[in-house]
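Okay, everyone, have a look at this one with me.

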Amino acid sequence: MSSSPETAAVPILNDPRHERTAARLLGLFIAAGLWFVVLPGTFLGVWNLMSIVSNRAPGAPEASWIQAHGQAQLFGWVGSFILGISIYLLPKIRQRGPVEANVGYTIWTLWTVGVFWHWWAVVTREAWRSGLVGSAAVLLLAYLLVMSALVWQPRKTEPRPVDLGSRFGMVGFSGLGVVLLANLYYSIQAAFWGSSPTYPEAGDRALVLLAVWVFVIPVALSYSTRFVHRYLLLPPLNVKAAPFIAPLFLAVAIAALAHRFAVVDVLAWGVALFAVWVMQVFRHSSRTPRLQGVSPYTPLFMRICFAWLPAGATLALLSVIFPLRVGFGGASRHAITVGFVAGLIFTVGPRLLPAFLNSRQLFSTRLMTASLLSLNIGCVLRVICESVAYSSTHDLAWRLLPVSAWIEFAAVLLFALNMAATQLKPAPIWFDPELLNINLSLFWFVNAYPGVRKLLQRAGLRRLRELREIPRDLTLAQESEREGVDAESVLAELKRHLSGMRARPA
Ligand code: HEM
């Protein structure tokens with residue numbers, strides 16, 4: 001043995017188990033979101049579109065199936081991602097302790113069950129009346145838990161955060177409460193007075209507008225101030241915008257709840273321009289953003305997302321000006337939900353999520369480029385064809401619509417595959433194992449890397465089988481001496497094991 005265990009100074013390291021639990025919980029939200037986007041969301045969306053195309057009639061699919069698709073996408077996919085990321089990230093941003101694991105798992109279960117129960121009740125029509133109301137109540141319960149874990153905390157001495165990102169975030173999370181209350185209200189209407197699991201037309205329209213403009217978009221803008229604006233190294237955010245944020249979104253919410261849809265469309269157009277102005281997203285970056293580990297076109301695709309926002313809002317204005325051109329409404333919604341929202345998740349998700357999931361690396365940057373390219377091509381095709389086809393008999397537009405749907409479906413599959421493969425690969429190590437020595441802390445290694453405990457047991461450190469809580473300052477050298485095994489040969493085993501887990505070069 002080269003150095004004496006008694007003289008070793010072992011730094012007392014943070015407990016990596018908190019981070020692993022937080023990452024595991026985030027992984028669950030991501031997995032649920034991926035499942036919702038692929039099957040209940042996009043596959044059902046393609047199915048609906050095929051029915052529209054084969055009948056050449058926008059009203060051909062069951063209205064309830066269109067609504068089930070919309071809820072699976074907005075609550076199941078986007079909602080799961082937003083909740084998972086917020087539960088993981090907000091306590092860190094606000095420098096608070098992590099959300100308790102039990103609370104996190106309860107929120108995940110309630111949210112996932114709530115979204116799936118709604119979808120199942122609508123699609124199969126089994127016990128749909130209780131399904132609609134029960135699922136809406138469960139989602140509201142999940143929301144209350146989220147708010148009590150993340151927002152309604154006894155205030156310490158620190159002042160309320162006032163940066164633009166926090167303001168957008170507070171609006172978005174309050175908006176989610178309004179959305180879920182409206183969801184409960186319309187579900188009760190349908191369950192008690194309806195003859196099918198379909199929300200009343202105006203109520204459903206209000207709900208979608210609220211979900212998109214008062215929940216998803218403010219939260220997306222909140223995270224964009226951090227992960228798009230800072231990443232692109234843009235000029236400072238327009239802080240002059242701060243006093244207008246809450247009143248603007250409040251006006252959208254009131255107009256949507258009052259079913260003044262033309263007013264919502266005008267206000268939403270204002271929100272879209274406001275967002276671009278606040279974010280400065282079309283200004284030059286001060287330096288080239290870091291491209292390691294992501295698609296080399298990430299900065300371009302981020303800006304394209306922010307081009308979809310005013311484009312979609314302008315289409316909504318056109319639907320107000322030309323009410324007989326029924327395609328503009330759907331095309332506008334698609335430009336916002338797919339062009340902006342899905343585009344942003346496809347761009348920012350692969351950049352952030354691998355790092356949040358125990359410092360992983362994205363499975364493939366090429367898949368990321370391919371998913372973003374196909375999403376945008378499919379979305380351009382769909383928005384143009386829907387605008388034209390739904391209010392005319394234009395043959396080419398009708399024939400290209402299914403092509404757009406399959407291209408977008410392929411984009412979703414590529415994204416889901418990339419994220420799932422990223423998650424399934426074991427977390428890599430970011431240091432050179434050759435630098436390790438026998439004075440390393442067993443506590444940190446065993447808790448940070450799955451498989452290490454078993455490996456050390458096999459190498460002769462048998463006490464680790466019973467020792468649930470390893471003392472933080474216990475070194476490999478001390479434990480080897482206690483067990484009467486050669487610390488250097490245990491270390492050699494460990495190095496061999498960890499060498500196979502090294503992060504690939506960027
Ligand atoms: C391949 C991708 C997709 C296809 C083929 C698709 C298809 C459709 C279709 C056919 C409709 C009916 C209205 C219309 O004809 O425009 C619709 C509505 C809707 N879609 Fe999608 N969609 C896709 C992706 C998405 C995504 C990614 C989101 C959200 C992130 C989304 C959210 C919605 C919403 C909210 C509605 C309105 C539902 C309602 O009226 O209650 N869709 N979609």
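This is a predicted model: local features need pLDDT of at least 70, side-chain atom pairs count only at pLDDT 80 or more; totals for chains, interfaces and linings use all residues.

So, the shell around the ligand: by class, that's 13 nonpolar, 9 polar and 4 charged residues. Nonpolar here means Ala, Val, Leu, Ile, Met, Phe, Trp, Tyr, Cys and Pro; charged means Asp, Glu, Lys and Arg; and the others, Gly among them, are polar. Residues are numbered from 1 along each chain as its sequence is written.

Altogether 26 residues surround the ligand, and the closest are G45, G70, Q73, G330 and E408. To be near, a residue needs its C-beta atom, placed from the backbone, within 6 Å of the molecule. Which helix gives the most to the shell? Helix 2, with 7 residues. Helices are DSSP runs of H or I, at least four residues, numbered from the N terminus. Helices 1, 2, 6, 10 and 12 each supply at least two shell residues.

Now find helix 3 (residues 101-124) and helix 4 (residues 128-150), which pack at about 155° with axes 8 Å apart. Axes are lines fitted to C-alpha atoms over the stretch in contact, and angles run from 0 to 180 degrees between N-to-C directions. Helix 3 and helix 4 are therefore roughly antiparallel, the label for angles over 145 degrees. Their contact has 18 nonpolar, 6 polar and no charged residues; contact means C-beta atoms, placed from the backbone, within 7 Å.

Definitions and conventions
Angles under 35 degrees count as roughly parallel, over 145 as roughly antiparallel, 65 to 115 as roughly perpendicular and the rest as oblique.
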